[in-house]
Amino acid sequence: MNIKMRTQEKPDLLVVKDLVKYFPVRSGILQRTTAWVKAVDKVSFTVKSGETLGMVGESGCGKTTIGRSLLRLIEPTSGEVAFNGEDIIRMRPQSLKTLRRDMQIIFQDPYASLNPRMPIGEAVMEGLQIHRIGQPKERWEVAINMLKKVGLEEYHARRYPHEFSGGQRQRIGIARALALQPKFIVCDEPVSALDVSIQSQVLNILKDLQKEFGLTYLFIAHNLSVVEHISDRVAVMYLGKIVELTDRDALYREPLHPYTKALLSAIPIPHPNFKRERTILKGDVPSPLNPPSGCRFHTRCPVAIAKCSQEEPEFKEVKPGHLVACWLVE
């Protein structure tokens, strides 16, 4: 008798439902709120345990705001965020502090996130001190071990941030995020400021560490080639909303949303005799202060119809695991 083994689907580690973040615009002597910047507007997605969800889009589309809202580094306006079944949004400060051991972030600018007066060994073990984990000697050993995991040496621990290159500082940021042994890490454009050769090294470090520690990543970037290299699934954002979400291979093989197609057409082919057919978008990205009615992409979409400007398309599943918000995709 032949028995077919089913691959067990990974559970959802993070569930985000209708996440909203508006920033107030204040004016006048009394600084009254006169308008709202709709940075993130009803975004929903899940991140499975052990996977990497890539999040891409143009600058200002709300990627970083989502990452920081998930960790409550900035407070969401509304919505639901559940981590391992626990509601983060309504969590009390003491419970949130405990949860932060499992949720960390790697910042885009590592130099700005490091204390210039603190040796990096102390910076790496600072989280252990805050959470009162281990004795001073044990914390130091953890810091040294984490630095070695990212390709640095023990003598580096006594140096200061200004003594390192950009790539080395980003490695320090990764080591600091790992010190508390988290389950989930928000990678906020961790390689965007690095040289191409250094980018590949940092990406390979992240992938190796993911295998070793069973990490789950939300990888925020605007470089589609980088996202393709590291992600399992990809979410495409435009002006505060996710317009397409599916697994990496399906997205790069057969994108369905016109905005995704335009983004992918901008990726150069590394061959002198081949050239990709470009889709040039007209105009600039509208202001999140006053986003267009209907589909927010319709003002730049080359295939928009009248309905696109009147009604907002539903973000729905059109193929197994492939979600799109577009009236032209059925």
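This is a predicted model: local features need pLDDT of at least 70, side-chain atom pairs count only at pLDDT 80 or more; totals for chains, interfaces and linings use all residues.
Q: How many salt bridges does the structure hold?
A: A salt bridge here requires a side-chain nitrogen of Lys or Arg within 4 Å of a carboxyl oxygen of Asp or Glu. Among the pairs that qualify are Arg296 with Asp41 and Arg90 with Asp87. The total for the structure is 10.

Q: How many residues apart in sequence are the parts that Arg296 and Asp41 tie together?
A: Arg296 forms a salt bridge with Asp41, and their closest N and O atoms are 2.5 Å apart. Arg296 belongs to the loop between helix 10 (258-265) and helix 11 (306-310), whereas Asp41 belongs to strand 2 (residues 32-48). The pair therefore links parts whose separation in sequence is 255 residues.

Q: Is Asp41 buried or exposed?
A: Residues under 20% relative accessible area count as buried. Asp41 has a relative accessible area of 10%, so Asp41 is classed as buried.

Q: Which strand holds Lys241, the salt-bridge partner of Glu312?
A: Glu312 and Lys241 form a salt bridge with their closest N and O atoms 2.9 Å apart. Glu312 lies in the loop between helix 11 and strand 11 (316-319), and the pair ties together parts that are 71 residues apart in sequence. Glu312 is partly exposed at 46% relative accessible area, while Lys241 is buried at 14%. Lys241 lies in strand 10 (residues 241-247).

Q: How is helix 6 oriented to helix 7, roughly parallel or roughly antiparallel?
A: Helix 6 (residues 166-178) and helix 7 (residues 196-213) pack with their axes 10 Å apart, at an angle of about 15°. Angles under 35 degrees count as roughly parallel. Helix 6 is therefore, relative to helix 7, roughly parallel.

Q: How many residues of the contact of helix 6 with helix 7 are nonpolar?
A: Helix 6 passes helix 7 in a right-handed crossing. Helix 6 contributes Gly167, Gln170, Arg171, Ile174 and Leu178, which meet residues of helix 7 including Ile198, Val202, Leu209 and Phe213. Of the contact residues, one is charged and three are polar, and the number that are nonpolar is eight.

Conventions
Residues are numbered from 1 along each chain as its sequence is written. Side-chain values use heavy atoms; hydrogens and water are left out. Helices (H or I, at least four residues) and strands (E, at least two) are DSSP runs, numbered from the N terminus. Buried means under 20% relative accessible area, exposed over 50%, partly exposed in between (1.4 Å probe, protein chains only). Axes are lines fitted to C-alpha atoms, for helices over the stretch in contact, and angles run from 0 to 180 degrees between N-to-C directions. Angles under 35 degrees count as roughly parallel, over 145 as roughly antiparallel, 65 to 115 as roughly perpendicular and the rest as oblique. A crossing is left-handed if the near helix is turned anticlockwise from the far one by less than a right angle, and right-handed if clockwise. Contact means heavy atoms within 4.5 Å. Ala, Val, Leu, Ile, Met, Phe, Trp, Tyr, Cys and Pro count as nonpolar, Asp, Glu, Lys and Arg as charged, and the others, Gly among them, as polar.
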